[in-house]
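Open the structure in your viewer and have the sequence panel ready. The tour goes from one selection to the next and says what to look for at each stop.

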Amino acid sequence: MVVAIIALIVALAGTAYAAQTINGGAIKKQTIGGGKLKKKTLTGFQINTNKLGVVPAAKRAAHTYWAVVDNPSGPGNAVLARASDAGFTATEAGGAVTITFTANVSGCANVAGRDNAGTTVPNSGYAQTNGSAANPNAIEVHTRDKAGANEDADFHLIVVCP
């Protein structure tokens, strides 16, 4: 019985001593595994973002294509001002400009907006996109004035694929 009481006193004293003397400053770096940390206790201050890997959503950005088209007034004169990849083409016919990409974009999301190929302010209006029925690698863009009538105009097009 005496031995059991002494063992109990030593155990309690050791626990009390440890609770008073061990704090966050006494923990050596790299000695606590991530699985032992409480959830949502780390902040950006403690995380070295340079050591983080590629975020899964960022991998999808590799399949993002864009094109800037210069489309002055007049038939058949739209040209590609710049694009994300080489090999894209722009052709104008039937009131639309068709941007042809080097990959199938038929299952992708696309959006276009009127904006100049340069730095001047664009006229009011909007741009509509439509997948090409004739070519799975192409998107047709119709530019319109603010009243909705067809109007040749510069635009930017972005296509995001899964």
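Predicted model: local features only at pLDDT ≥ 70, side-chain atom pairs only at ≥ 80, totals over all residues.

Is Asn116 buried or exposed? Its relative accessible area is 15%, and residues under 20% count as buried, so Asn116 is buried. Asn116 belongs to the loop between strand S5 (109-114) and S6.

Now show the side chain of Asn116 together with Val121. The side chain of Asn116 reaches the backbone oxygen of Val121 at 3.3 Å. Which residues is Asn116 in contact with, leaving aside its neighbours within four places in sequence? They are Val121, Pro122, Asp154 and His156.

Four strands make up an open sheet, in the order S3-S4-S7-S6, with antiparallel pairing. Its edge strands are strand S3 (89-93) and strand S6 (126-131), each of which pairs on one side only. On average, neighbouring strands of this sheet are turned by 25° against each other, direction ignored.

How many bridges join S6 to S7? Six bridges do, and the two strands run antiparallel.

At 1% relative accessibility, Ile139 counts as buried. Leaving aside its neighbours within four places in sequence, Ile139 has contacts that include Val97, Thr98 and Ile99, as well as Asn130, Gly131 and Ser132. Leu157 and Val159 are also among the residues in contact with Ile139. For a distance, pick the C-alpha atoms of Ile139 and Cys161: the residues are 22 apart along the chain, and these atoms are separated by 13 Å.

The next stop is the core. In soluble globular proteins, nonpolar side chains tend to be buried together. Here the largest nonpolar core has 19 residues. Those with the most contacts inside it are Ile99, Phe101, Val105, Phe155, Leu157 and Val159. Strand S1 (64-70), strand S4 (96-100), S7 and strand S8 (155-160) each supply at least two residues of this core.

Finish at Leu157. Leaving aside its neighbours within four places in sequence, Leu157 is in contact with residues including Tyr65, Trp66 and Ala67.

Technical notes:
Residues numbered from 1 in each chain as written. Heavy atoms only, no water. Pairing = 2+ DSSP bridges. Axes fitted to C-alpha atoms, helices over the stretch in contact; angles between N-to-C directions. Buried < 20%, exposed > 50% of the residue type's maximum accessible area, 1.4 Å probe, protein only. Polar contact = N/O pair within 3.5 Å; in protein donor to acceptor, adjacent residues only side chain to side chain. Contact = heavy atoms within 4.5 Å. Core = buried A, V, L, I, M, F, W, Y, C linked by side-chain atoms within 4.5 Å.
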